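Hi,

Here is the structure I promised to pass on to you.

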Amino acid sequence: MRAENGNLKKNWDVVIIGTGFGGSMAALRLANAGLNVLLLERGDWVARDDTAWDPRHILIERKYKDKTPFEADQWLGRGMVQPDVAVGGSSVFYGAASLRLRESDFCAQTTYGDLPEAEGLSFVDWPLRYRDFSPYYDTVEKLLDVAGKANADPCEPPRRTDYPQKPPPYSPAAQLVAEAAQSLGLHPYPLPLAINYRQNAVRKPCVHCTTCDLFPCKICAKNDLAVTILPQAVREGAELRPNAIATRLLR
């Protein structure tokens, strides 16, 4: 493949458009295999400054809002969406929850059948099953250093390994909720999170702020792809070009 940037032309083994979960993970594996990899990202690196935790900058002024909206089907009809874009994709802005799909998610048609009352909605079975993806979940959870407690979730699918990190203790408020849930016969559990809680790590550990979901992490404690996977891919030889928009594909 050949990427062109002004007068600069170079042949690449692989050109990846987007640095989200799929693009970043693929880039790392391909770079590890010795291929020449180019990553194109329409967004820029996020600023790890005070604006990262400022609701006005992030939620109101939408500092990282994409200039090009797209249509998305929503429960209440089709609407225009202008997502946030950045190196690392949505991982920079998500709340770091790292749940595995359940076994039934891969065979929804077999499990649930048709839904005649839901017009336009039908279930299908995947050609693969959870057992096929399980070892890859193990690998990705290790790469993202997910914190969690194996077998605490009563609906969790089978797993061969524990999470790389132990979850932090519940906050006082969360402990009250957990105890109340247990008294009702429920099974609360710590949500698996791709967040750094290690006190001896090179990066700062989580300070339990209130700006995680929808916000970039000012101190890089969220294990987003711009902090974890992409630096590894670049060290392996991949090249990343931010602020680069792919306008067409040539065969």
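First, the ground rules. This is a predicted model, so local features need pLDDT of at least 70 and side-chain atom pairs count only at pLDDT 80 or more, while totals for chains, interfaces and linings use all residues. Residues are numbered from 1 along each chain as its sequence is written, and side-chain values use heavy atoms, with hydrogens and water left out.

Let me start with the sheet. Three strands form an open, parallel sheet in the order E3-E4-E7. Strands here are DSSP runs of E with at least two residues, helices are runs of H or I with at least four, and both are numbered from the N terminus; two strands pair if DSSP finds at least two bridges between them. The edges are E3 (14-17) and E7 (239-241), each pairing on one side only. E3 and E4 (residues 37-40) pair over four bridges, and valine 14 has valine 37 in E4 as its bridge partner.

Next, the salt bridges (a side-chain nitrogen of Lys or Arg within 4 Å of a carboxyl oxygen of Asp or Glu). The whole structure holds 13 of them. In one, arginine 48 meets aspartate 224, with the closest N and O atoms 3.4 Å apart. Arginine 48 lies in the loop between E4 and H2 and aspartate 224 in the loop between H5 (172-183) and H6 (229-235), so this pair ties together parts that are 176 residues apart in sequence. For accessibility, buried means under 20% relative accessible area, exposed over 50%, and partly exposed in between (1.4 Å probe, protein chains only). Arginine 48 is partly exposed at 27%, whereas aspartate 224 is buried at 0%.

Another salt bridge joins aspartate 138 and arginine 160 at 3.2 Å between the closest N and O atoms. Aspartate 138 sits in helix H4 and arginine 160 in the loop between H4 and H5, 22 residues apart. Aspartate 138 is buried at 13%, but arginine 160 is exposed at 63%. Through shared partners, salt bridges join Arg100, Asp138, Glu141, Glu156, Arg159 and Arg160 into one network.

Finally, glutamate 141 is in helix H4 (residues 130-143) and is buried, with a relative accessible area of 5%. Its side chain makes a polar contact with that of arginine 100 at 2.9 Å (N or O atoms within 3.5 Å; within protein, one must be able to donate a hydrogen and the other to accept it, and residues adjacent in sequence count only if both atoms are side-chain atoms).

Best wishes
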